[in-house]
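Subject: Structure handed over, with notes

Dear colleague,

Here is the structure that I promised to pass on to you.

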Amino acid sequence: MFNKTNGNQGSSAHNRASLISSQITGSVIKLPTKNSNETANNSSLNKAFAFFTKLGLAKKATILAIAIGTIPVLGIGAIAFTFANKSITKQITQSQQAEATGLSDKINRFMLGRYGDIQVISSLPFLTSSQGSTSNSQKQAVLDRVVEAYKAYDSVAVFDPQGNLIVQSTGEPLDNQKDFTYFQDALQKDTPVISKPEAAKNTGVVSIYIAAPVKETRTGQTIGVVRARMPVKSLEEVIKNYVANGQQYYLLDAGRVFLSPQKALLGKEAKGEYANLPKLLAANKVASFIDVPKTDKKQELVSYVPASKLDGLPDLNWQVLLSTDTAIVFEPQRQLLWTIAIGTALTALIVGAIASRLAKLTTQPILTATAALAKLGQGKFNTRVQIESEDELGVLSANLNLMAEQLQVLVKEQEIDIEGAKLLADITLRIRKSLKTEDIYHAAVKEVQQVLKTDRVIIYSLNQNNRDGVVVAESVTGNWPEMLGVKIDAPYFRQRYIETAHDGQVQAVANIHQDQSLKNANDYIQFLDKFAVKGNLIVPILAQEKLLGLLIAHHCETPRVWQQPEIDLFQQIAIQVGYALEQAKLLEEIERVKNIAVTDSDDERHQKETLQQQLLELLNDVEGAARGDLTVRADVTAGEIGTVADFFNSIVESLRDIVTQVQQAATHVNTAIGSNEGAIRHLAEEALTQAAEINRTLDAVDQMTQSMKAVAESAEKAAFVANHAAHTATKSGHAMDLTVQNILSLRETVGETAKKVKRLGESSQQISRVVSLINQIAIQTNLLAINAGIEAARAGEEGQGFAVVAEEVGELAVRSAAATQEIEQIVENIQRETSEVVLAMEIGTTQVVEGTRIVEEAKQSLNEILDVSCQIDSLVQSISIATASQVETSQSVSQLMKDIAAISQRTSDSSHQVSASLQQTVEISQQLQETVEAFKVS
């Protein structure tokens, strides 16, 4: 049986409707109506926008140009200051945190030294030996020398386990110490201890007690407790040498201030002074914050360092606060703010002035409207004018766009309807002229190749027995490889396009290397690459629901996105090829039967007579078809006549479908032409209305001519200003390049200096360790000298000379200890200053890097300004030239508008003529419908 036409026939009409709808909807011009204005007045923003849209062209251009020119400059300045401000704030905060951490470490190391002192004192022989004969005066002298040697203590005393005083250095006699906390801790823990800072009841002096148990040398039992009292002033001396000018320090014990230059805060809780401190005390980590203390009422940057544990030192639970007035510490930040603010403001003023000047000279909307009118006058109806305002140009542009769209849609709709039907009819006619299969194949590939304008079209014929195939027809252009006689062996091709291609659907591939359906078909892609295929269309050729072959279109030059009208036409052609093949097959079968009938022998005459009888019966059955009755059917019997009857039934069925389609098409044509007639009549009326509106715009064009003359004069002045600005920006760019080079050289110099200073700091640390070792040796020497003096005293007169030597050695050790302390203090100052220099250099390096980045950004911005200035110069020159000719152009606009009015009149006349032609087409279509109605299809 013949194939029936599927429902895709209506897709072309649907696509045309979609195309027309998209063209109209995508270009619809909506001017603000009265209702939209009333809605816009509901908010201040909409009111401002409505006010702006009602301004004149010159004012709008000036406002927009100033805004576009200055807002980016101000934005860049704000962003640059934000990033630089955050970077400097972070650097200053980290620097102060490092100083606070260093101060905490300095205090811990100082206390570690004192912790070692008490252990050395507790091991003196005259204290640890119960058999000694040293007098109390000698012991007191030794303790006095200890106080003098260490200079950190104001009193050293030894007590028995009951807290009674045994011996002390010179000073006011001490009471029993049994009830003191440090005394009990030293006895109970049996280790050296450091007490919390305590204020004396009689003097109020805050001191720290360092105590250690004294053990008898032979038995190891505790025979007493030695303690040294250290005023916190000793710590104050250490801190003063470390803290820089303008900084305030606070030493806390469990959150309470026990040492600070602010005497009013001593003994008070620090969290009561700073509101943000309790959070840091709870978090117990190094951090900084900005706060206003209740006492000073000045904003400060405060850095907090929690208690840290040092090896060999008991947990003191001391915290450190370091504060600096923000007016001092953030002074570089304020200087940066002023620099960026002044630079940004000057740049914004210059750019705003240039933009304001240029905006007044801008006449682009007028040029656009003039060019659009010229194109419409030449018949280019796809021209559109962008509408951005409500002024006279906006109304004129809206009318021009509406007129062009109506004409374009009408022409396009008629072209699509006529060309689509004509094209398919012509192709079908050419294909069906051929009665041989080979001729049908060659005619089909040639016609499809010309219509689709593609590089190659082939027909791949299939063997119905084994499903193998070969290319039997080809139409190729250019020098692309030929495929005639080629067999496609790719498994993917067989599985995708042969075994499952019975639904008649088109397989469209725009790019074979990017299509997802071919991602696992490497063998098929390689085959296509061999013939330079980039994109293809494949549709099965079906006859009696059997797959006869494939109609394939190849695009070789570039990938190609196949459009839906092309795909629909391709599918319809494949259907017509199937019909033609069925017709050719039927004719071949009839010819074969005829040949068999001619060559029959005499023995078969009886069979011929039988066939003739059956043929007469068949003719009687189909006699109604000659009168137009397509509902008749021939009886299908066994034998050749039965086959002919079957083919006749198929032909009548196909003819009935074709007549039905013609009837439907005639009905659609009548309906479409009727609607087009009304649209053309409406178009004629609109053309007359537009002609009247164009006449009203002539007065506005005359006013534009006068303003263009003034614009031409201003454009010459603007050209000079833009040229001067470009020259100035070029000089600034060269100066910025030199600045970047100098900053990079400074950065390298600072980096080398920082490395040398770091090496100097490392050397000073080695010196510090050597001095500390010498100090320990001096202390041990002093103790040995004290022991030697005690032994010499025991020896009596024989040891007098040895006692003198021991005393001199002791004095030498004391001087050595004092000298080492001075050297240690000097080295500490060197280390502190070196650290400050390194830190300052690191900050300086960071600032240089940041400055380099900022200068680079400024250079980039300046280059952009230079580019913009050059563009402005070029544009102003162009405007100057263009405005010189605009006067003549505007004078010709009036004549052009008159011509357009005449064209509108002629368009109206032509529309009436087209309407009359369409009426004749309706009559012809009705005659065709009457002719087709002669056939009986149901």
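The notes below start with the basis of the values, go on to the chain and one of its sheets, and end with a few single residues.

The model is predicted, and for that reason local features need pLDDT of at least 70 and side-chain atom pairs count only at pLDDT 80 or more, whereas totals for chains, interfaces and linings use all residues. Residues are numbered from 1 along each chain as its sequence is written, and side-chain values use heavy atoms, with hydrogens and water left out.

**The chain**

The secondary structure comes to 21 helices and 16 strands, where helices (H or I, at least four residues) and strands (E, at least two) are DSSP runs numbered from the N terminus. Of the 938 residues in the chain, 41% are buried; buried means under 20% relative accessible area, exposed over 50%, and partly exposed in between, with a 1.4 Å probe and protein chains only. The chain exposes about 50800 Å², of which carbon and sulfur atoms supply 55%; accessible areas come from the Shrake-Rupley method with a 1.4 Å probe, and for residues only the protein chains shown count as cover. Among contacts (heavy atoms within 4.5 Å) between residues at least 6 apart in sequence, 66% join residues at least 24 apart.

**The five-stranded sheet**

Five strands form an open sheet in the order E13-E12-E16-E15-E14, with antiparallel pairing; two strands pair if DSSP finds at least two bridges between them. Strand E13 (469-476) and strand E14 (507-509) stand at the edges with a single partner strand each, so one side of each is left without a neighbour in the sheet. On average, and with direction ignored, neighbouring strands of this sheet are turned by 15° against each other; axes are lines fitted to C-alpha atoms, for helices over the stretch in contact, and angles run from 0 to 180 degrees between N-to-C directions.

Strand E12 (residues 456-462) runs antiparallel to E13 and is joined to it by seven bridges, and isoleucine 459 stands opposite alanine 473 in E13. Helix H14 (residues 437-452) lies across E12, E13, strand E15 (535-543) and strand E16 (546-555), at about 50° to E13. Helix H15 (residues 491-498) also packs on the sheet, where it touches E12, E14, E15 and E16, and its direction makes about 115° with that of E16.

**Single residues**

Leucine 551 is found in strand E16 and counts as buried because its relative accessibility is 0%. Beyond residues up to four places away in sequence, its contacts include Val448, Ile459, Ile538 and Phe570. The C-alpha atoms of leucine 551 and isoleucine 538 are separated by 5.8 Å, although the two are 13 residues apart along the chain.

Phenylalanine 531 lies in the loop between helix H16 (522-530) and E15, and at 9% relative accessibility this phenylalanine counts as buried. Leaving aside neighbours within four places in sequence, phenylalanine 531 is in contact with residues including Arg456, Met483 and Cys556. From phenylalanine 531 to methionine 483 there are 48 residues in sequence and 7.8 Å in space, C-alpha to C-alpha.

Aspartate 253 is found in strand E7 (residues 247-253) and counts as buried, at 11% relative accessibility. Leucine 349, in contrast, is exposed, with a relative accessible area of 61%, and is found in helix H11 (residues 331-360).
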